[in-house]
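Subject: Structure handover and side-chain contacts

Hello,

My notes on its side-chain contacts follow it.

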Amino acid sequence: MSVFDKILEKLMCKRLYAFLQLHNVLYSYQFGFKKYSTTLALIEVIDSVYQHLDNHEYTIGIYLDLQKAFDAVNHDILLYKLSNFGIREVVYQWFKNYLSDRKQFISVAGVSSEIGSISMGVPRSSVLGPLLFLLYVNDIHKAVLDAKVKLFADDTNLFLYVKNLCTLFDRRANTCLQHMYKWFIANRLSLNVDKTCFCVIGNERKKSS
């Protein structure tokens with residue numbers, strides 16, 4: 001992008017983030033932007049696990065990986081969500097124009113491909129791209145109201161706590177995954193099964209009994 005485009009993006013990103021902060025829009029367990037870091041996310045998870053271990057509860061962490069998440073963002077759904085967050089009228093039209101009619105081509109060793117149109121996804125290597133993606137997945141926690149969803153950009157972690165291990169798997173975990181799957185379908189996102197995994201944390205002495 002040109003220098004002018006980069007400056008304009010930075011200004012819009014700053015104003016958008018200030019608006020989101022003012023109205024408390026961003027999900028509180030989103031660790032992928034500004035002051036929230038991977039270190040803070042790790043500390044929060046460890047504290048929570050220790051707390052539930054002290055209460056003699058098991059913890060299951062389900063780590064979901066979205067397939068080509070940034071490239072799979074649906075523009076119509078994103079614009080609909082922006083409107084729901086209060087971004088309307090002139091600013092809404094600006095974002096609509098920003099996302100529409102984008103072009104790309106590949107150049108290798110002086111040889112360039114044909115120019116293609118981009119109909120989905122947020123712009124890579126842009127200032128606004130990461131923030132727009134965060135807004136796209138901002139409501140994912142509403143898919144599972146009885147569990148803690150923690151986000152870091154396109155990494156989604158789901159944590160469940162129960163005293164009975166059978167209940168954890170048979171009811172809580174599978175039910176939550178079904179709700180999450182419905183959210184993925186509604187938002188046109190795909191789960192990368194090969195990179196999705198889980199772990200169970202609990203007291204070893206309690207497990208053997």
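Which side chains meet in a salt bridge at 3.6 Å, N to O? They are those of aspartate 101 and lysine 103. A salt bridge here is a side-chain nitrogen of Lys or Arg within 4 Å of a carboxyl oxygen of Asp or Glu. Aspartate 101 is exposed at 65% relative accessibility, while lysine 103 is partly exposed at 48%. The accessibility classes are buried under 20% relative accessible area, exposed over 50% and partly exposed in between, with a 1.4 Å probe and protein chains only.

Before the rest, the conditions. This is a predicted model, in which local features need pLDDT of at least 70 and side-chain atom pairs count only at pLDDT 80 or more, while totals for chains, interfaces and linings use all residues. Residues are numbered from 1 along each chain as its sequence is written, and side-chain values use heavy atoms, with hydrogens and water left out.

Salt bridges

Searching the whole structure gives three salt bridges. One of them joins glutamate 44 and lysine 150 at 2.8 Å, N to O. Glutamate 44 belongs to helix α2 (residues 38–54) and lysine 150 to strand β6 (residues 148–152), so this bridge ties together parts 106 residues apart in sequence. Helices (H or I, at least four residues) and strands (E, at least two) are DSSP runs, numbered from the N terminus. Lysine 150 is buried, at 3% relative accessibility.

Another bridge pairs aspartate 139 with lysine 81, where the closest N and O atoms are 3.1 Å apart. It links distant parts of the chain, with aspartate 139 in the loop between α5 (128–136) and β6 and lysine 81 in helix α3 (residues 75–84), 58 residues apart. Aspartate 139 is partly exposed at 23%, and lysine 81 is buried at 8%.

Helix α3

Besides Lys81, the buried residues of α3 include His75, Ile77, Leu78, Leu79 and Leu82. At the start of α3, asparagine 74 places a side-chain oxygen within 3.0 Å of the backbone nitrogen of aspartate 76. Just after the helix, glycine 86 has a positive phi of about 105°.

Aromatic rings

A pair of aromatic rings is described by the distance of the centres and the angle of the planes. Rings of Phe, Tyr and Trp (its six-membered ring) pair if their centres lie within 6.5 Å; planes under 30 degrees apart count as stacked, over 60 as edge-to-face and the rest as tilted. By this rule there are seven aromatic pairs. Tyrosine 29 and phenylalanine 31 have ring centres 6.4 Å apart and planes at 50°, so the pair is tilted. Tyrosine 29 is partly exposed at 23%, whereas phenylalanine 31 is buried at 4%. The pair of tryptophan 183 and phenylalanine 184 is edge-to-face, with 5.8 Å between centres and 75° between planes. Both are buried: tryptophan 183 at 8% and phenylalanine 184 at 3%. Ring pairs also link Tyr27, Tyr29 and Phe31 into a cluster.

Charges over rings

A charge sits over a ring if NZ of Lys or CZ of Arg is within 6 Å of the ring centre and within 35 degrees of the ring normal. The charged end of lysine 150 sits over the ring of tyrosine 29, 4.1 Å from its centre; lysine 150 also takes part in the salt bridge with glutamate 44. The charged end of arginine 102 sits over the ring of tyrosine 98, 4.9 Å from the centre.

Regards

Definitions and conventions: A polar contact is a pair of N or O atoms within 3.5 Å; within protein, one must be able to donate a hydrogen and the other to accept it, and residues adjacent in sequence count only if both atoms are side-chain atoms.
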